[in-house]
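Me: I'd like to learn how to read side-chain contacts in a model. Could you walk me through some?

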Amino acid sequence: MSIQFGPEYVRAIAPYQGGKPISEVAREFGLDEANIIKLASNENPLGMPESARQAMAAAIAEAGRYPDGNGFELKAAITAKYGVPAERITLGNGSNDILELAAHAFVQPGQSVVYAQYSFAIYALATQAVGGRSLVVDAKNYGHDLDAMAAAIVDDTRLIFIANPNNPTGTFIPGAQIEAFLKRVPSNVVVVLDEAYTEFLPADLQYDSIAWVDRYPNLLVSRSMSKVYGLAGLRIGYGIAQAGITDLLNRIRQPFNVNSLAQAAAIAALRDDAFVQRSAKLNADGYRQLTAAFDAMGLEYVPSLGNFVMIKVGDDLGAGARINLALLKQGVIVRPVGNYGLPQWLRISIGLPKENELFVDALKKALA
Ligand SMILES: Cc1ncc(COP(=O)(O)O)c(C=O)c1O
């Protein structure tokens with residue numbers, strides 16, 4: 001009998017399924033990389049901002065040294081932008097790091113974590129990695145049902161994950177409802193408000209979660225530099241919470257969890273409002289382009305406030321996998337979401353206008 005390593009809860013983890021890399025699809029389907037379109041990982045189709053590229057290039061000279069483990073300058077840039085003091089900021093190797101740090105810091109084996117059905121896959125993974133018990137609350141119209149989530153909290157609940165907007169469904173909860181929820185959560189339960197896509201929200205839906213941090217010592221707001229800021233490959237995100245939470249997260253993170261090139265790029269990107277505005281507009285236009293095509297084709301989709309949209313490609317349980325394969329053969333990479341319990345759906349990241357157009361053409365062929 002072979003030896004089994006590690007605790008049962010670690011062995012039970014199903015690995016995260018990311019978007020297929022372009023090179024892999026080229027190899028698998030005998031395609032030219034240059035002709036492949038990837039709309040699978042909610043990246044910024046503009047790539048990284050030029051300002052960040054230049055900052056990174058300048059920082060390379062110092063890459064032989066360890067990065068600033070406290071991220072002094074990057075925290076100063078976050079302070080300048082949002083008015084939040086450095087002692088409330090935790091830097092992460094992607095915001096994924098912040099989500100995992102929260103599970104490690106606040107959940108012991110057997111204790112429970114509340115999150116919604118169809119919410120971001122890392123909530124389940126982070127919970128399982130620490131032996132936590134997942135209390136998965138049924139979604140309402142593919143989004144979070146905050147009343148049911150409040151009702152799901154039990155004595156041993158230590159953490160709640162909320163994604164707003166949510167991935168992969170794109171659903172959104174108005175700020176006032178989130179704040180009403182925060183008021184109902186017991187103060188010993190940490191609420192992670194994961195706002196990876198918040199910069200894409202239209203002005204009338206934006207809300208000030210950073211101001212809530214003053215009022216709720218159990219709130220941890222998580223932000224990503226991978227989406228609107230176009231730095232996905234550098235792995236950088238940050239958390240904002242009162243010192244009580246922030247101090248613990250900073251004790252358990254790796255001392256140099258954010259590399260120096262990522263820090264330099266993030267400082268430049270945070271100051272680059274023009275790039276953010278351009279990216280958000282491109283996304284809003286692309287969303288209209290795609291959903292107009294879906295409407296014309298009579299395809300069901302979930303209205304989304306992220307940089308992606310989920311469409312239903314058939315009624316049978318094999319539909320998502322089948323249409324995904326038919327798209328891959330045409331060199332179009334999107335994201336099947338069968339692993340989320342949505343086997344009839346695909347998630348499409350919004351691309352450049354031409355990419356969106358080529359995707360719609362390929363989709364028509366795949367569905368024919
Ligand atoms: C809701 C949500 N949160 C967090 C992340 C993690 O992003 P990153 O680690 O690149 O900041 C993602 C990435 O897709 C996401 O969709």
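Predicted model: local features only at pLDDT ≥ 70, side-chain atom pairs only at ≥ 80, totals over all residues.

Me: Which ring does the charged end of arginine 223 sit over?

Reply: A charge counts as sitting over a ring if it is within 6 Å of the ring centre and within 35 degrees of the ring normal. Here the charged end of arginine 223 sits over tyrosine 82, 5.3 Å from the ring centre. There is another such case: arginine 347 lies over the face of phenylalanine 308, at 5.8 Å from the centre of the ring.

Me: Why is the pair of tyrosine 207 and tryptophan 212 stacked?

Reply: Planes under 30 degrees apart count as stacked. The ring planes of tyrosine 207 and tryptophan 212 are at 15 degrees, with centres 5.3 Å apart, so this pair is stacked. Both residues are buried. The structure holds 11 aromatic pairs, and one aromatic cluster is formed by Tyr115, Phe120, Tyr123 and Phe161.

Me: And how many salt bridges does the structure hold?

Reply: Side chains of opposite charge can pair when their charged atoms come close. The structure holds 18 salt bridges. One of them joins arginine 133 and aspartate 156 at 2.6 Å, N to O. Arginine 133 belongs to strand β4, while aspartate 156 is in the loop between α7 and β5, so the pair ties together parts 23 residues apart in sequence.

Me: Where do arginine 251 and aspartate 247 lie?

Reply: They are four residues apart in helix α10, separated by about one helical turn. Arginine 251 is exposed, at 59% relative accessible area, whereas aspartate 247 is partly exposed, at 38%.

Terms used: Residues numbered from 1 in each chain as written. Heavy atoms only, no water. Phe/Tyr/Trp six-rings, centres within 6.5 Å; stacked < 30°, edge-to-face > 60°. Buried < 20%, exposed > 50% of the residue type's maximum accessible area, 1.4 Å probe, protein only. Salt bridge = Lys/Arg side-chain N within 4 Å of Asp/Glu carboxyl O. Helix = DSSP H or I, 4+ residues; strand = E, 2+ residues; numbered from the N terminus.
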